[in-house]
Amino acid sequence: MPRKTNEQLREKLFSMLELERTLKRKGFCAVAGVDEAGRGPLAGEVYAAAVILDTDNEILGLDDSKKLSPKRREELFEIIIARSAAYSVATASVEEIDALNIRNATYLAMNRAIAKLKFAADYVLVDGDAVTNCPVAHECVIKGDSKSASIAAASIMAKVSRDLAMLEEAKRYPCYGFEKHKGYGTAEHIAAIQKYGPCEIHRKSFIRNFV
């Protein structure tokens, strides 16, 4: 498939900034996109990111992180860090996931990411259909990582941050293959859990049927 031209990427970015432009017309000055990564894996923390884009510093190629290659995600990760007005990444621990359930732990990570921004957002666009205890005026956008540039940027930040963390965990626990599956429930991962038993970053509430 041919690579999109800069003109095509600019058109897509313009379309994906419609929600942000609408909010700006309503008087909101610092709109943050928020998304998560790692709800489904059997191991590792759940990550969330918040990004406030700088409208004078365009970032071409923003999209749902799942639609991008690992190389392109990593490239955009660095560009978002350099060009966004503000960004943050936060987590909820394995212990919090087991205690609260993954849904509530994800909301906790999202709210932590919002709170960590270097300046406060005055409105938040959250990927998905719900969030609880959000400290800022907000709306949830189903499939928001394909509709909002801010949410897309957050999805990339959360995904790459979590993948990098799991590469580090692979060094600590080499027998599980975290560098390949990033903690997801592949046949290889499940076989490793059954052979070696769980390690301390496995989510007990997720693996109870495999041990």
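Predicted model: local features only at pLDDT ≥ 70, side-chain atom pairs only at ≥ 80, totals over all residues.

Me: How many disulfides does a search of the whole structure find?

Reply: A disulfide is a covalent bond between the sulfur atoms of two cysteines. In this structure the search finds 0 disulfides. Cys175 is in no disulfide, and the nearest cysteine sulfur, in Cys199, lies 7.3 Å away. A pair must have its sulfur atoms within 2.5 Å to count.

Me: How many salt bridges does the structure hold?

Reply: Side chains of opposite charge can pair when their charged atoms come close. The structure holds 14 salt bridges. One of them joins Asp63 to Lys12, with the closest N and O atoms 3.8 Å apart.

Me: Which parts does the pair of Asp63 and Lys12 tie together?

Reply: Asp63 lies in the loop between β2 (46–52) and α3 (70–83), and Lys12 lies in helix α1, so the pair ties together parts 51 residues apart in sequence. Asp63 is buried, with a relative accessible area of 12%, whereas Lys12 is partly exposed at 26%.

Me: What separates Arg172 and Glu169 along helix α6?

Reply: Arg172 and Glu169 are 3 residues apart in helix α6 (residues 149–172), so about one helical turn separates them. Their side chains meet in a salt bridge of 2.8 Å, N to O. Glu169 is buried, at 17% relative accessible area; Arg172 is partly exposed, at 47%.

Me: Which residues are linked in a network of salt bridges?

Reply: Such a network links Glu18, Arg21 and Arg25.

Me: Which residues form a positive surface patch?

Reply: The patch is made up of Lys4, Lys67, Lys143 and Lys147. Of these residues, Lys4 is found in the segment before α1 (6–16) and is partly exposed, at 42% relative accessibility.

Me: Finally, is Met110 buried or exposed?

Reply: Met110 is buried, with a relative accessible area of 3%. Met110 is found in helix α5 (residues 102–116). The C-alpha atoms of Met110 and Leu42 are separated by 20 Å, and the two residues are 68 residues apart along the chain.

Notes:
Residues numbered from 1 in each chain as written. Heavy atoms only, no water. Patch = residues over 30% accessible without salt bridge, like charges linked within 9 Å, V, L, I, M, F, W, Y side chains within 5 Å. Areas by Shrake-Rupley, 256 points an atom, 1.4 Å probe, with all protein chains shown as cover. Salt bridge = Lys/Arg side-chain N within 4 Å of Asp/Glu carboxyl O. Lys, Arg positive; Asp, Glu negative; His and termini not counted. Charge placed at Lys NZ, Arg CZ, Asp CG, Glu CD. Helix = DSSP H or I, 4+ residues; strand = E, 2+ residues; numbered from the N terminus. Buried < 20%, exposed > 50% of the residue type's maximum accessible area, 1.4 Å probe, protein only.
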